[in-house]
Amino acid sequence: MIGIIFNYGNEVVEVRIDGMKCFFRTSQFHKFATLEGLKLDKKGVIKEFPDLKDNENWRDESIKRFENKMEKLDNENERMRYIIKDLSKFGYKPMYYQKQGYRPVKLSK
């Protein structure tokens, strides 16, 4: 299991990778949510997947594509690098990551 802490504006966002699954939470909430439980921004989804612009099921399709991408990655470290790279494009600043059983590591960006 790997946890990643991001700073997004005034918010702290935590992403947890546990095997093939990915969970998210903000500093406001105590429970983790799956991708299905997140509020997705249509503009951000269209920026990543322009072909979904006129698709009425854009939300479901973008979640499917994310899950497919995560399945193609071999291990948690690759998934962590992908999530950091992907969220950084949208203004999320990675601050720390921590593997289970290890101390947190500060990310310099």
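Visitor: Why is phenylalanine 6 called buried?

Guide: Welcome! This is a predicted model, and in it phenylalanine 6 has a relative accessible area of 0%. Buried means under 20%, so phenylalanine 6 qualifies as buried.

Visitor: And what makes tyrosine 92 partly exposed?

Guide: Its relative accessible area is 21%.

Visitor: How many aromatic pairs does a search of the whole structure find?

Guide: The search finds three. One of them joins phenylalanine 6 and tyrosine 92, with ring centres 6.2 Å apart and planes at 85°.

Visitor: Why is that pair of phenylalanine 6 and tyrosine 92 called edge-to-face?

Guide: Ring centres must lie within 6.5 Å to pair, and planes over 60 degrees apart count as edge-to-face. With 6.2 Å and 85°, phenylalanine 6 and tyrosine 92 meet both conditions, so the pair is edge-to-face.

Visitor: Which parts does this pair tie together?

Guide: Phenylalanine 6 lies in strand E1 (residues 2–8), while tyrosine 92 is in the loop between helix H3 (76–88) and strand E4 (93–99). The pair therefore ties together parts that are 86 residues apart in sequence.

Visitor: What makes the pair of tyrosine 8 and tyrosine 92 stacked?

Guide: Here the centres are 4.1 Å apart and the planes stand at 15°. Stacked requires planes under 30 degrees apart, so this pair is stacked. Tyrosine 8 lies in strand E1, so the pair links parts 84 residues apart in sequence. Ring pairs join Phe6, Tyr8 and Tyr92 into a cluster.

Visitor: How do you know that the charged end of arginine 65 sits over the ring of phenylalanine 49?

Guide: The charged end of arginine 65 is 5.0 Å from the ring centre of phenylalanine 49. The distance limit is 6 Å, and the charge must also be within 35 degrees of the ring normal. The contact is listed as a charge over a ring.

Visitor: Where does tyrosine 92 stand in the largest pocket?

Guide: Tyr92 is among the residues nearest the centre of that pocket, along with Leu38, Lys39, Leu40 and Leu87. The largest pocket has a volume of about 1,000 Å³ and is lined by 31 residues. By class, 17 are nonpolar, five polar and nine charged. Helix H2 gives the largest share of this lining, five residues.

Visitor: Which element gives the largest share of the lining of the second largest pocket?

Guide: H2 again, with four residues. That pocket holds about 180 Å³ of space.

Note on methods: Residues are numbered from 1 along each chain as its sequence is written. This is a predicted model: local features need pLDDT of at least 70, side-chain atom pairs count only at pLDDT 80 or more; totals for chains, interfaces and linings use all residues. Side-chain values use heavy atoms; hydrogens and water are left out. Rings of Phe, Tyr and Trp (its six-membered ring) pair if their centres lie within 6.5 Å; planes under 30 degrees apart count as stacked, over 60 as edge-to-face and the rest as tilted. Helices (H or I, at least four residues) and strands (E, at least two) are DSSP runs, numbered from the N terminus. Buried means under 20% relative accessible area, exposed over 50%, partly exposed in between (1.4 Å probe, protein chains only). On a 1 Å grid over the protein atoms alone, a cavity is a set of points where a 1.4 Å probe fits but cannot get out, and a pocket is an open set with protein on both sides within 12 Å along at least five of seven lines; lining residues have an atom within 4 Å of a point. Grid points are joined across faces, edges and corners, and a volume is the space filled by probe spheres set on the points. Ala, Val, Leu, Ile, Met, Phe, Trp, Tyr, Cys and Pro count as nonpolar, Asp, Glu, Lys and Arg as charged, and the others, Gly among them, as polar.
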